[in-house]
Amino acid sequence: MKRKKLYLGSLLVIIVCAIIGFVFVEKHAQGDNSSKADKTIRIGSKDFTENLVIGEIYALALEDNGYKVDRVSNISSSLIHNSLVNKKIDLYPEYTGTGLLSILKDKMETDPQKVYDKVKKGYETKFHVTWLNYASANDSQGLVIRADIAKELGIKTISDLQKHASELNFASQGEFDQRDDALPGLIKTYGPFDWKSSKIYDNSLKYTVLDNKEADVTPAYTSEGQLVNTDKYLLLKDDKQFWPPYNLAPVVRNEVLKANPGIETILNKVSAKLDTATVTKLNAQVDVDGQDYQEVAKAFYKTIK
């Protein structure tokens, strides 16, 4: 009888402990989720299509993992870094080349990993900001030529272009002829470009100018949406690697990352899915097809979640 009572007592203790343990775990899990929901992550983005799309993808990824997000969109490129360090926003998509040249004012570097290592160290030291993993997506500067004339003259690289410059009409955007990281720098690397003609056009008109055959070559960014039309436009290979890489990556204030360490894994997973071709297609869906950038981001995120 005593053994039976002892057995029943032990069984009761085990059951009670199990119930207490279950309740503790459940409350702890709820506490984790509620703590995420209580902390609002302010995601900034610059005022152009690509950055808006990528910022929205970041937001969707964090929301999907239980975080509350406040979108702070359309910040001027000249102001967004200060918005981060002055705690107006918590993170945003930045470009390694921009961080190196425009923010840190460091010397030109063309190796993607070296550029990333420099900006990661520099931002940590000067701004207490962390660069998460960079994507292979590279929104650098480049030169675009009409595909028909490229085929006719056998032009595939900027070296090829330089040799045939006297046969080509150039559509400049004014400042491109003046900046050290534009035509003057190209001349130092590739030699002189003695264009058949060179006229200044508004950047927004450059593809129209090419389509109308008013010009043959124009400066561009390497992930512009129009570049999906490979039958019309050819992005020339920077075969002497004049331009630095502009790889996309999230930059996050350290105190925010420390309070929300899960952000790193979530956003690194996003970056791993972003290559130049993918980002170009996303830009095209907005700038060429006229879709809403938030809907484009939502559709893409569904494919990688």
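The lining of the largest pocket splits by class into 9 nonpolar, 13 polar and 11 charged residues. For the classes, Ala, Val, Leu, Ile, Met, Phe, Trp, Tyr, Cys and Pro count as nonpolar, Asp, Glu, Lys and Arg as charged, and the others, Gly among them, as polar. A pocket is found on a 1 Å grid over the protein atoms alone, as an open set of points with protein on both sides within 12 Å along at least five of seven lines, and lining residues have an atom within 4 Å of a point.

Before we go further, a word on what you're looking at. This is a predicted model, where local features need pLDDT of at least 70, side-chain atom pairs count only at pLDDT 80 or more, and totals for chains, interfaces and linings use all residues. Residues are numbered from 1 along each chain as its sequence is written, and side-chain values use heavy atoms, with hydrogens and water left out.

Back to that pocket. The largest pocket has a volume of about 880 Å³, and of the 33 residues that line it, Phe48, Ser77, Asp139, Tyr221 and Glu224 are the closest to its centre. A volume here is the space filled by probe spheres set on the grid points, which are joined across faces, edges and corners. At least two lining residues come from each of α2, α3 (80–85), β3, α4, α9 (206–211) and α12 (276–287). Helix α4 gives the most, with 4 residues. Those labels come from DSSP runs: helices are H or I with at least four residues, strands are E with at least two, and both are numbered from the N terminus.

So what about α4 itself? This helix covers residues 96–103, and Thr96, Gly97, Thr98, Gly99 and Leu100 in it are buried. Buried means under 20% relative accessible area, exposed means over 50%, and partly exposed is in between (1.4 Å probe, protein chains only). What covers the buried residues of α4? The cover includes β1 (40–46), β3 (91–95), α5 (112–127) and β4 (129–131). After α4 comes Lys105, with a positive phi near 55°.

Now zoom out to the whole chain. You can pick out 13 helices and 10 strands, and 46% of the 305 residues count as buried. Take the contacts (heavy atoms within 4.5 Å). Among those in the chain with a separation of 6 or more, 76% are between residues 24 or more positions apart. The accessible surface comes to about 16,000 Å², and 53% of this belongs to carbon and sulfur atoms.

A cavity is a set of grid points where a 1.4 Å probe fits but cannot get out, and the count comes to 1 cavity of 30 Å³ or more. The largest cavity has a volume of about 60 Å³. Its lining consists of Ile43, Gly44, Ser45, Leu52, Gly55, Glu56, Ala59, Arg71, Ser73 and Tyr293. β1, α2 (49–64) and β2 (68–75) each supply at least two of the lining residues, and α2 gives the most, with 4. By class, this lining has 4 nonpolar, 4 polar and 2 charged residues.

Next, find Gln141 in strand β5 (residues 141–146). Is Gln141 buried or exposed? Gln141 counts as buried because its relative accessibility is 10%. Its side chain makes polar contacts, and a polar contact is a pair of N or O atoms within 3.5 Å; within protein, one must be able to donate a hydrogen and the other to accept it, and residues adjacent in sequence count only if both atoms are side-chain atoms. Another, of 3.3 Å, links the Gln141 side chain to that of Asp181. Leaving aside neighbours within four places in sequence, the residues in contact with Gln141 include Tyr221, Thr222 and Trp243.

Trp243 turns up again in the second largest pocket, which has 15 lining residues, with Asn138, Ser140, Asp238, Gln241 and Trp243 nearest its centre. The second largest pocket has a volume of about 310 Å³, and its lining divides into 6 nonpolar, 7 polar and 2 charged residues.

Let's finish with Gln241, in the loop between β9 (233–235) and β10 (248–253). Gln241 is not a glycine, yet it has a positive phi of about 50°. It counts as exposed because its relative accessibility is 52%. His128, in the loop between α5 and β4, has a positive phi of about 55° although it isn't a glycine either. His128 counts as exposed because its relative accessibility is 52%.

Terms used: Areas by Shrake-Rupley, 256 points an atom, 1.4 Å probe, with all protein chains shown as cover.
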